[in-house]
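Biologist: Could you walk me through this structure? I'd like to ask about a few spots as we go.

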Amino acid sequence: DTMLGKDFAELVNQHLSSQGKEVRTAAVIQSNPEQSKHLETARLKISGLWIDLVNLRSETYAQGSRIPTMEFGTPEQDALRRDFTINSLFYNINKGVVEDFTGRGIADLREGIIRTPLSPTETFLDDPLRVLRAVRFAARFACDLEQSVEDAAANEQVQAALGQKVSKERVGAELEGMFNGPSPVESMQLLQRLSLFPVVFALPPATQKALPADYALACVRCMATTHALVQAAGIQLDKEESRFLLMAALLLPLRGCVVLGPKNKPIPASAAIVRESIKWRTKDADMAVLLHETAQQFLDIHQQVAAMDGSDATVRAQNAPEGLRVQLGMVIRKLKQHWHLGALLAPILSTPQAAPVGTEESTTAATAAAPSSSTGQRGVTAAGGNEPASEEVVRCKEVYGTLKAAASAFGLEECWQWKPLLDGKQVQALLELQKPGPELGKAMGEALNWQLAHPSGSLEECQQHVKEWWQKHKA
């Protein structure tokens, strides 16, 4: 009871070694009280399962300080310092029984209630990250937040501590757990309801001030509609694809908003949020921006396809102008294997909640797009909630279906994997160019455009086209 996790890990490894089993060095996560990480923790992988090893603790606070002095404690003292009663249960390996020192853990587990052993405000101020853990557990396990927990989560002092005291990396790790879990939409809806959205997805104060009061609701509704579309279309996404799409959907209303980044360079607000506010990977930030860009391009393409004569995709493909085929192929090549994510996000742009915010033009656009509602909140369904209306999802599914059918009919579904019929050296020799330069780049672009417009075209046909184009270009 008075042993640190790393010391216990060494004993575990000694036992495993004596049994001839695989031994792994324990990773030690140091305590960092300034960021509410009060305990040193040892992590050890045993039989493919990661185990956290940490000592029982009690805490005392010096007057005027929020940083506790850690001491070895009893199981009861340790249980009372845990985040939630359902996480305060011990299994006594000697007696083979579950011990509930808070007296409420087992009942709360059965009834699906997220409750703190001590005062929730005290518990959250002890480690503000627990607010996000409460949200994640409630959404993942379909639990209810006990009312005092919900009140404390919305407390300004707690929210300030979450924004200032907890590292962005820890916040991002909790968010990733929400997005990779079974209920990402419910998690974001709860963040929005508790007014935690602007704390988690933080923007510079001046930018935040320019946003409408209900922008978080619009963001969450975009994500909810996108998630409903994926389900309605019967599409299976892996964890990475789902994270890419849902984050881009969540930040869709902010797509026109920019903030100052390093060296005072303007960058998209969505990229700043993903990279700085939640410290996710660069590719997550880049994908959010790219999906916002290509979703509009896909939507423009849909409008052209929908305006064509004929209801059958094959007939439309036969009548489609070359420029439209090239346009669709180029967008698909931008997103590569993720192009269907852009096609899924495209119809969301036409929903009222996706109206851009935080730009000079956004106020007028938002007002024009807002449906009348008894709640006075833009984007709220007729039912008054933040769930997408069924007819809205049906319309979005139709748009996605049209885009998918067009890609198939045009023979462009796999064009992101195509090797160009002509590479740089071949084009340079074909046109007898003395050296590479801007003209070579234009010619190679023309060769690729022709290939996208003629998926079944031959090398010789492509060469002939480039020669003819070059003659006109020079003239």
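Predicted model: local features only at pLDDT ≥ 70, side-chain atom pairs only at ≥ 80, totals over all residues.

Biologist: Thanks! How many residues does the largest nonpolar core have?

Modeller: That core has 59 residues, and Leu175, Met188, Phe201 and Leu250 have the most contacts inside it. By nonpolar core I mean a set of buried Ala, Val, Leu, Ile, Met, Phe, Trp, Tyr and Cys residues joined through side-chain atoms within 4.5 Å. Buried is under 20% relative accessible area, exposed is over 50%, and partly exposed is in between (1.4 Å probe, protein chains only).

Biologist: Which helix gives the largest share of this core?

Modeller: Helix H5 (residues 129–140) does, with seven residues. Helices here are DSSP runs of H or I with at least four residues, strands are runs of E with at least two, and both are numbered from the N terminus. Another core lies apart from the largest one and has 43 residues, among them Cys222 and Ile348.

Biologist: What is Leu250 in contact with?

Modeller: Leaving aside neighbours within four places in sequence, the contacts of Leu250 include Phe179, Met188, Phe201 and Met223. Contact means heavy atoms within 4.5 Å.

Biologist: Which residues are on the covered face of E6?

Modeller: Phe90 and Asn92 are on the covered face of E6 (residues 89–92), whereas Leu89 and Tyr91 are on the uncovered one.

Biologist: Where else is there a positive phi, in a residue other than glycine?

Modeller: Ala142 has one, near 55°. Most residues other than glycine have a negative phi. Ala142 is in the loop between H5 and strand E9 (144–145). Lys279 is also not a glycine and has a positive phi of about 55°; its place is the loop between helix H14 (269–277) and helix H15 (282–306).

Biologist: Why do you call Ala142 exposed?

Modeller: Because its relative accessible area is 67%. Lys279, with 34%, is partly exposed.

Biologist: And Ala320, buried or exposed?

Modeller: Ala320 is buried, because its relative accessible area is 9%. Ala320 lies in the loop between helix H16 (313–319) and helix H17 (322–335). Beyond neighbours within four places in sequence, Ala320 is in contact with Met308, Arg325 and Phe410. Ala320 and Met308 are twelve residues apart in sequence, with their C-alpha atoms 7.7 Å apart.

Biologist: What about Glu398, where is that found?

Modeller: Glu398 is in helix H20 (residues 390–409), and it is exposed, with a relative accessible area of 51%.

Biologist: Last one: which residues form the nonpolar patch on the surface?

Modeller: Met3, Phe8 and Leu11 do. Phe8 lies in helix H1 (residues 5–18) and counts as partly exposed because its relative accessibility is 42%. Patches are made of residues with over 30% relative accessible area and no salt bridge, with like charges joined within 9 Å and nonpolar side chains (Val, Leu, Ile, Met, Phe, Trp, Tyr) within 5 Å. A salt bridge is a side-chain nitrogen of Lys or Arg within 4 Å of a carboxyl oxygen of Asp or Glu.

How values were computed
Residues numbered from 1 in each chain as written. Heavy atoms only, no water. Areas by Shrake-Rupley, 256 points an atom, 1.4 Å probe, with all protein chains shown as cover.
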